[in-house]
Amino acid sequence: LRGNASEIMAVSGAVALTRGVDSSAAVNDAVEHARSIANLQSLTAVITGPVDIITDGTRSVSVANGHPLMSRVTGTGCAATALIAAFASVDSDPLKAASAALAFYGLAGERAAAKAGGPGTFWPLLLDQLHGISPDELDSGAKIKTGQV
């Protein structure tokens, strides 16, 4: 399950306000809700935002890769979900797969933003960066922190 903080809180039954697809809640506001959903539904829950949080209800990981321009382009959250699914198809541990996917995606966002003039040029540059990141570049650029978040 992947969503922004407000979406994760709404799925858990909490009152959460959204602005269209944007979250009005902070990622940290949704962490306990994500853990609860993960435990109750036996799934991995992902909260995307400035720092992404991934939990399977027991383990938690944060990913600090990304750039603010990612929140200015429609469809980046949906693309993150698709990328998580792709990584999950080759890693049997959904928490690790989601963490690696979001680090990869965020690293591509950082690289694209360095070249972009704004949101209009950011999106095609992001696609180019997704195509060009090697496993070694992901290993050296990933900002993944394990443990209790």
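A side-chain atom of aspartate 52 reaches the backbone nitrogen of glycine 49 at 3.0 Å. The model is predicted. Aspartate 52 belongs to strand 5, which covers residues 52-55. The residue is buried but has no salt bridge. Its nearest side chain of opposite charge is that of arginine 2, 7.4 Å away. A salt bridge requires a nitrogen and a carboxyl oxygen within 4 Å. Beyond four places in sequence, aspartate 52 touches Ile47, Val61, Ser62, Val63, Asn65 and Leu102.

The largest nonpolar core holds 28 residues. Ile54, Leu102 and Phe122 have the most contacts inside this core. Two or more of its residues come from each of strand 6 (60-63), helix 3 (76-88), helix 4 (94-115) and helix 5 (119-132). Helix 4 gives the largest share, 12 residues. Isoleucine 54 touches residues beyond four places in sequence, among them Val46, Val61, Val63, Leu95, Ala98 and Leu102. Its contacts also include Arg59, Ser60 and Ser99. A second, separate core has 12 residues, including Ala30, Ala38, Ile47 and Ile53. In soluble globular proteins, nonpolar side chains tend to be buried together.

Helix 4 is largely enclosed by the rest of the structure, because 16 of its 22 residues are buried. At 1.5 Å a residue, helix 4 should span 32 Å; its end C-alpha atoms are 32 Å apart, so the two values agree. Aspartate 93 caps the N-terminal end of helix 4. A side-chain oxygen of aspartate 93 lies 3.0 Å from the backbone nitrogen of leucine 95. Phe122, Leu126 and Gln129 are buried in helix 5. The buried residues of helix 5 pack against helix 4.

Isoleucine 37 lies in helix 2, residues 27-41. It counts as buried because its relative accessible area is 7%, under the 20% cut-off. Its contacts beyond four places in sequence are Leu1, Ile8, Val11, Ser12, Ser42 and Leu43. Isoleucine 37 and arginine 111 are 74 residues apart in sequence. Their C-alpha atoms are 33 Å apart in space.

The whole structure contains 5 salt bridges. One of them joins glutamate 32 to arginine 35, with the closest N and O atoms 2.4 Å apart. Both residues lie in helix 2, 3 residues apart, about one turn of the helix. Glutamate 32 is exposed, at 54% relative accessibility. Arginine 35 is buried, at 9%.

A further salt bridge links arginine 59 and aspartate 93, with the closest N and O atoms 2.9 Å apart. Arginine 59 lies in the loop between strand 5 and strand 6, and aspartate 93 in the loop between helix 3 and helix 4, so the pair ties together parts 34 residues apart in sequence. Arginine 59 is partly exposed, at 35% relative accessibility. Aspartate 93 is buried, with a relative accessible area of 16%.

Glutamate 110 and lysine 143 also form a salt bridge, at 3.3 Å from N to O. Glutamate 110 is in helix 4, and lysine 143 is in the loop between helix 6 (135-141) and strand 7 (144-146). The pair therefore ties together parts 33 residues apart in sequence. Lysine 143 is partly exposed, with a relative accessible area of 43%. Salt bridges with shared partners join Asp56, Arg59 and Asp93 into one network.

Note on methods:
Residues numbered from 1 in each chain as written. Predicted model: local features only at pLDDT ≥ 70, side-chain atom pairs only at ≥ 80, totals over all residues. Heavy atoms only, no water. Core = buried A, V, L, I, M, F, W, Y, C linked by side-chain atoms within 4.5 Å. Buried < 20%, exposed > 50% of the residue type's maximum accessible area, 1.4 Å probe, protein only. Helix = DSSP H or I, 4+ residues; strand = E, 2+ residues; numbered from the N terminus. Contact = heavy atoms within 4.5 Å. Lys, Arg positive; Asp, Glu negative; His and termini not counted. Polar contact = N/O pair within 3.5 Å; in protein donor to acceptor, adjacent residues only side chain to side chain. Expected span 1.5 Å × (residues − 1).
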